Amino acid sequence: MTDAPLRSYVQGGWHAPTDEGRPLYDAVSGDEIARISSTGVDFAGVLDHGRRVGGPALRQLTFHQRAGLLKALAGYLREHRDELYAVSAQTGATLGDSKFDVDGGIGTLLAYASKGRRELPNDTLYIDGDLEPLSRGGSFVAQHVFTSPPGVAVQVNAFNFPVWGPLEKFAPAFLAGVPSVVKPASPTAFLTAKLVELVVASGVLPEGTLQFVAGGLGDLFDHLTEQDMVSFTGSAATAAKLRAHPTVVRRAVRFSAEADSLNLSVLGPDAAPGTDEFGLYVDQLVTEMTTKAGQKCTAIRRAFVPAERVDAVVEAVAAKLAKVVIGAPGTDGVRMGALASLEQREEVRRSVKALAGAGRIVFGDPDKVDVLGADPRRGAFLSPVLLTADPERAEPHEVEAFGPVATVLPYTSTEQLIDYAARGLGSLVGSVVTADADFARQVVLGVAPWHGRLLVLNARDARESTGHGSPLPALVHGGPGRAGGGEELGGIRGVLHHMRRTAVQADPDTLTAITGRWVTGSARNVTDVHPFRKHLEELRIGDTIVAGPRTVTQEDVEHFAEFTGDTFYAHMDAEAAAANPFFGERVAHGYLVVSLAAGLFVDPDPGPVLANFGVDSLRFLAPTKFGDELTVTLTAKQITPRDTAAYGEVRWDADVTRGDGESVARYDVLTLVAKLPAG
């Protein structure tokens, strides 16, 4: 990489700054490798381009189509990840650190691609929750729905994860149909620039769906609207400043922040030296201190240990830290690289000094470090630093040393531990290392209100655990209070954060037309052709078959009981059933009712229906007694084509009624239905 200015990718092209900008340095060698400035960027134009070009292009695509593009992009980046690893080394990251960042980002794209296809409809609208009846006669109903806003997601990222950070924000926004403007932190922006260069070269994304700003955001916040949102990762002070921007306040711009986090890890009282849990605790603490040189928003800062075990933990952790080789990434034997910048190293040193004022350093020297393969005077290297401190002092609960630093803090009771945990005023993640399930429950319930994620680690789950410091696409990432109060990821929750929820009130037919899902009370289309004889393209929402009646006999019930082994007294013992306040007499098995219904509506011959893959929301609403006549009404409720398969999914509403018209069972039948043969 040269020391040329980084270019922004905005309004459909690459923009070079109109001034020299300020220098960016290799964290290992200290050499200048690039310059950064956003001078000359038209920020009002950037937002307009996203809203006018990127947004409409995305909103024309269904969730499944957007998911397909995310998968394609992930595949392209995976093929080029060695290029990202090479640049990542200049941020001070070892190859292991780089994989955590790069592969983690690519994995997030793939996770959202998969969830988009499996958990979202092949549509542009998402139905939230159940239908809400609003009238006695059923002619007035409501449904909550999510739609894509015609705005832009402005994503301000921290320096520590220049690849994963942008991608974990971008993926759910893209899947939600919202274009992104990515602004990385300057010290490592050269790696994000390389990422965006690859994204643009891939040609996968529609124009305007991803823009990149190298440097400051200028007057961009002045041009935000109520349809835009801001996702911020960084310091609490900067988050507070941006959150209070006049435009953000006046136009109620949605603002999500991930900020400071004094994450804890607790060693349970049962975890004595020599136990699996003691070893797991020590290994985890060392890993969290040294991975990415401790520059993780999820790293352990407060290590709570039973008071009588402090010396044993310090001794074990110090012994392992002493074996950690620090130096230039790529050098044989190096396990920990440099911090992202010399400025960051000085910030960590100041924080260590503040923490040492409340305790003492028991391992490491923040001003001295042995380095392999690099000059410690030029690179941003720092020794791991382990401290002990008095948990009654404020500093351990207020000062975050964002580097390879952790403080061991004693506790004497579960109640005291929970009190100390709360003094951090909100964290992204905490962990409890214990084999005692009762202790784990007490701690989890006590500290959960202050945490976004909690890990309980012991010998039973350690082999497959993803670890304390690993955010996962399926789980929420964020935390209350000091941690920013925001929330990212969390699977489909992360997608819905970017969308707008609206309650739609209408008659059933209109609501069916709006949502693309048949609702109770809407018209049914009973055709001469059995719906199971129709291919996916031939089916229509509301297509219905009414089958029956079928009389339920005592012989049916007794045969079903003998065949299945379900001889529950309500079906077989007249005297006991008579004493049951819900039945008063023998009744049919609920699953017999469902089986008889299937026998009524199924078309037995080979045809477009390939498989029944499930039943959702099954409820038995009234008892079925001997002599009752059952009728089933099966209605095509939702049709979901699969773009990459020769079939789609059809959800059917099944309503089983007895002779008096009362529903005895209601459920959704899920089937795979073939598309018409090609040609």
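Student: How many bridges join β6 to strand β21, and do they run parallel or antiparallel?

Tutor: Seven bridges join β6 to β21 (residues 500–506), and the two strands run antiparallel. One of the facing pairs is V145 with T502 of β21. The model is a predicted one, in which local features need pLDDT of at least 70 and side-chain atom pairs count only at pLDDT 80 or more, while totals for chains, interfaces and linings use all residues. Residues are numbered from 1 along each chain as its sequence is written, and side-chain values use heavy atoms, with hydrogens and water left out.

Some terms come first. Strands (E, at least two residues) and helices (H or I, at least four residues) are DSSP runs numbered from the N terminus. Two strands pair if DSSP finds at least two bridges between them. Strands of a sheet pair through backbone hydrogen bonds, either parallel or antiparallel.

Strand β6 covers residues 141–147. Five of the seven residues of β6 are buried, where buried means under 20% relative accessible area, exposed over 50%, and partly exposed in between (1.4 Å probe, protein chains only).

For the setting, the chain has 20 helices and 27 strands. Of its 679 residues, 54% are buried. The C-alpha atoms fill a box of roughly 90 × 60 × 45 Å, taken along the principal axes. Contact means heavy atoms within 4.5 Å. Among contacts between residues at least 6 apart in sequence, 74% join residues at least 24 apart.

Pairing can also be followed in another part of the chain. Six strands form an open sheet of mixed pairing, in the order β22-β23-β25-β26-β27-β24. Its edge strands, β22 (525–526) and β24 (609–620), each pair on one side only. β22 runs parallel to β23 (residues 543–551), and two bridges join them. V526 stands opposite T544 in β23. Strand β23 also holds P549, and the peptide bond from G548 to P549 is cis, with omega near 5 degrees. S617 is not a glycine, yet its phi is positive, at about 55 degrees. S617 counts as exposed, at 54% relative accessibility.

Strand β25 (residues 629–641) of this sheet contains K637. K637 is buried, with a relative accessible area of 15%. Its side chain makes a polar contact with the side chain of D668, at 3.2 Å. A polar contact is a pair of N or O atoms within 3.5 Å; within protein, one must be able to donate a hydrogen and the other to accept it, and residues adjacent in sequence count only if both atoms are side-chain atoms. Leaving aside neighbours within four places in sequence, the residues in contact with K637 include W518, I541 and W652.

A597 is in helix α20 (residues 590–601) and is buried, at 1% relative accessibility. Not counting residues up to four places away in sequence, A597 touches V632, V656 and Y667. A597 and V632 are 35 residues apart along the chain, with their C-alpha atoms separated by 5.9 Å.
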